[in-house]
Amino acid sequence: MACIDINSKILCNFNNENIAAALNEIIDNELSKDVSRMNTRLIDECVNALLELEKEENSGFKVLIPLINSNDFLKSLQPSAKRFKNMNVFARAALVAAIIAASAMTANAAYKNATGVDLLANIAVAVQNQLTPSENKNQNGGIIQLGDYEEEEEEETSRTTEPQTTHTSLPATENETSTTEKTKDGGYIEQLGDDEESEEETTTQTTKKQPENTTEKASIVEPENEPEKPYVTALEAQFDNFKTNYIYGEKLSYEGLRLTAVYSDKTKKDVALKDCDYTKSLNMNITANYTLRVIYEKCVVKIKITVRPDEETRGAEICSNDDFEYFLSKKGAYITKYKGKSTALNINTMDGKAVYAIGADVFKNSNIKSVSAVYVKKIFASAFENSEVESALFSNNITFLGNAVFRNSKIKELSLKGELTEIPESLCEGCSALTKITLPENTKIIRKAAFSDCTALETIINTANIDEAKDFAFYNCENAEADSSIPKIKKAGEYAFAYCRNIDFKKLSQSIEEINKYSFAYCNKLTEAEIPAGISTIPEGAFRGAHISALTLNEGLLEIEDYAFMSTEFRDLIVPNSVKKIGTYALYSVKLRDISFGRNVESLGENAIFKSTRVNMNVYKDTVPYEYAIENKINYTVIE
């Protein structure tokens with residue numbers, strides 16, 4: 001085994017500060033990684049070594065001895081590892097020498113077993129090159145020799161009186177090379193590892209015959225100590241109106257946070273948040289206690305924040321009993337989680353206070369069949385979604401409902417009274433057992449899919465003031481009847497009332513402002529419609545299958561899209577002069593008998609009109625409708 005020479009003066013100077021610098025570099029390197037790749041075990045091992053350094057009885061390389069048996073630590077010293085290449089010269093030398101001095105043979109065997117690399121052979125070159133300049137060597141300082149001396153005979157050489165220069169070199173292991181990389185300050189960093197592009201360097205050793213019984217020893221000249229650069233020892237945080245209490249939907253903000261780095265030379269410097277690693281995003285729509293982390297160099301600032309449902313609970317502490325987790329505020333109890341197993345619940349009070357709110361997802365997917373909460377005024381998103389709940393008794397003054405509160409539940413009847421003017425998105429979507437819904441009297445807006453696919457729904461109370469129904473609002477409620485004809489409807493989204501066969505619209509409101517695709521498709525009790533001048537397009541399928549027997553189109557209309565009035569029941573129609581395009585199957589109705597076209601129709605789609613000998617087209621000569629009638633052999637009359 002090769003003998004490794006290390007200057008004893010350098011080894012004796014390996015102090016706590018050098019070792020700490022090396023360990024901190026390993027820790028810092030790990031912290032810079034993605035969390036999924038971070039080696040927390042290695043971090044803990046290095047932290048434990050740092051803690052040992054703080055004890056007076058420990059000094060220098062002694063604290064590294066326990067790390068010799070750590071595969072994670074040994075792997076961190078792989079010649080190709082970035083952290084090894086970039087270590088401070090003295091920190092790296094200290095780390096290497098400590099391992100060799102502590103347990104040269106054991107360390108080498110363990111490292112070689114873990115990585116497949118002969119540690120001693122590589123480290124010898126690194127230490128020798130770092131601590132022995134190629135020029136101006138002298139013989140000052142003692143030599144510590146590590147190796148297996150019992151199995152090797154000491155080589156004797158004769159010393160001559162002539163001046164000479166001795167170069168000592170230990171070869172790297174097979175397929176490994178030693179390279180240098182120039183640093184910003186003009187120095188060089190030793191790099192060990194596989195390098196296919198580098199050529200193996202051979203150092204020629206020149207020896208002279210020495211006097212008998214003398215041994216030549218290599219001398220390592222200690223490089224001049226460079227002044228240590230100040231490093232960060234702490235990160236201070238100051239808060240000026242920094243926000244720590246949030247409610248659902250609010251955006252995470254670091255406004256008001258001031259960071260200051262404290263250095264080893266006692267100087268301080270302001271740090272910009274952009275130069276730090278920090279928590280950038282959180283789920284701000286769930287009840288939670290979070291800890292924000294801001295990391296600069298190896299220092300961490302931790303900041304606790306809360307996310308709560310509303311203003312009444314902003315910053316409130318979470319309480320708990322056997323069945324529930326909840327907040328207590330001035331307004332009462334706010335339930336955030338259900339842990340029990342009961343199927344019938346009375347949650348009118350909690351700790352002597354009225355339960356005024358049920359939080360998001362509290363009873364989602366639960367087996368609860370009935371609930372009484374007569375003081376509840378707020379119910380948040382998905383509170384009973386996918387649950388078995390069949391009946392629910394709430395306050396007569398509900399002030400807030402979240403989205404999808406009862407979606408896909410077994411609820412049979414729901415009465416909502418109070419100040420609400422909007423029914424939230426997907427409130428009862430897919431509730432196939434729901435038969436009756438009582439809306440608040442002043443309900444104006446039905447949000448997207450609020451009652452979509454409520455196939456058993458029979459009765460809807462308080463529809464008189466609805467002026468807007470969003471996409472799929474009452475889609476496929478085939479059996480539902482309204483207590484009024486929804487006379488004030490102004491805006492109908494896509495499929496808003498599609499397949500509402502029993503809602504008695506009678507005549508479509510003259511106040512209608514917006515119609516979308518299939519808005520009133522197959523509304524059997526929509527019998528009369530007059531499209532206001534403000535509407536320029538009748539969208540695709542808007543009235544398809546509706547039982548409209550009287551239709552009036554006003555000037556200003558430009559286009560009738562595909563299937564718009566397919567399978568309706570009007571017998572006569574006048575198309576305004578403003579209409580330029582009529583789509584495929586747009587007016588395809590078997591009951592149509594007489595239709596008059598204006599002069600400006602530029603496009604008439606395939607099968608736009610049912611081809612029958614019973615229909616007559618009134619057209620201007622040499623227009624698109626005129627040619628359409630001739631081509632499809634439809635009766636026509638030329639307008640003079």
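A residue is called buried when its relative accessible area is under 20%, exposed when that area is over 50%, and partly exposed in between. By this definition, 43% of the 640 residues of the chain count as buried in the model, which is a predicted one.

**The chain as a whole**

The chain contains 8 helices and 41 strands. Among its contacts between residues at least 6 apart in sequence, 36% join residues that are at least 24 apart.

**Lysines at the surface**

A patch of positive charge on the surface is formed where Lys444, Lys488, Lys490 and Lys491 gather. One of these residues, Lys488, sits in the loop that runs between β28 (481-482) and β29 (491-492). Lys488 counts as partly exposed because its relative accessibility is 44%.

Another lysine, Lys410, is found in the loop between β21 (400-401) and β22 (413-415). Its relative accessibility is 38%, so Lys410 counts as partly exposed. Once the neighbours within four places in sequence are left aside, Lys410 is in contact with Ser387, Glu388, Val389, Glu390 and Ala433. Lys410 and Lys369 are separated by 41 residues in sequence, while their C-alpha atoms are 8.3 Å apart in space.

**Two residues with positive phi**

Most residues other than glycine have a negative phi. Against that background, Asn241 has a positive phi, near 60°, although the residue is not glycine, and Tyr563, also a residue other than glycine, has a positive phi near 65°. Asn241 belongs to the loop between β5 (232-239) and β6 (245-247), whereas Tyr563 belongs to the loop between β35 (559-560) and β36 (572-574).

| Residue | Relative accessibility | Class |
|---|---|---|
| Lys488 | 44% | partly exposed |
| Lys410 | 38% | partly exposed |

How values were computed:
Residues numbered from 1 in each chain as written. Predicted model: local features only at pLDDT ≥ 70, side-chain atom pairs only at ≥ 80, totals over all residues. Heavy atoms only, no water. Helix = DSSP H or I, 4+ residues; strand = E, 2+ residues; numbered from the N terminus. Buried < 20%, exposed > 50% of the residue type's maximum accessible area, 1.4 Å probe, protein only. Contact = heavy atoms within 4.5 Å. Patch = residues over 30% accessible without salt bridge, like charges linked within 9 Å, V, L, I, M, F, W, Y side chains within 5 Å. Areas by Shrake-Rupley, 256 points an atom, 1.4 Å probe, with all protein chains shown as cover. Salt bridge = Lys/Arg side-chain N within 4 Å of Asp/Glu carboxyl O. Lys, Arg positive; Asp, Glu negative; His and termini not counted. Charge placed at Lys NZ, Arg CZ, Asp CG, Glu CD.
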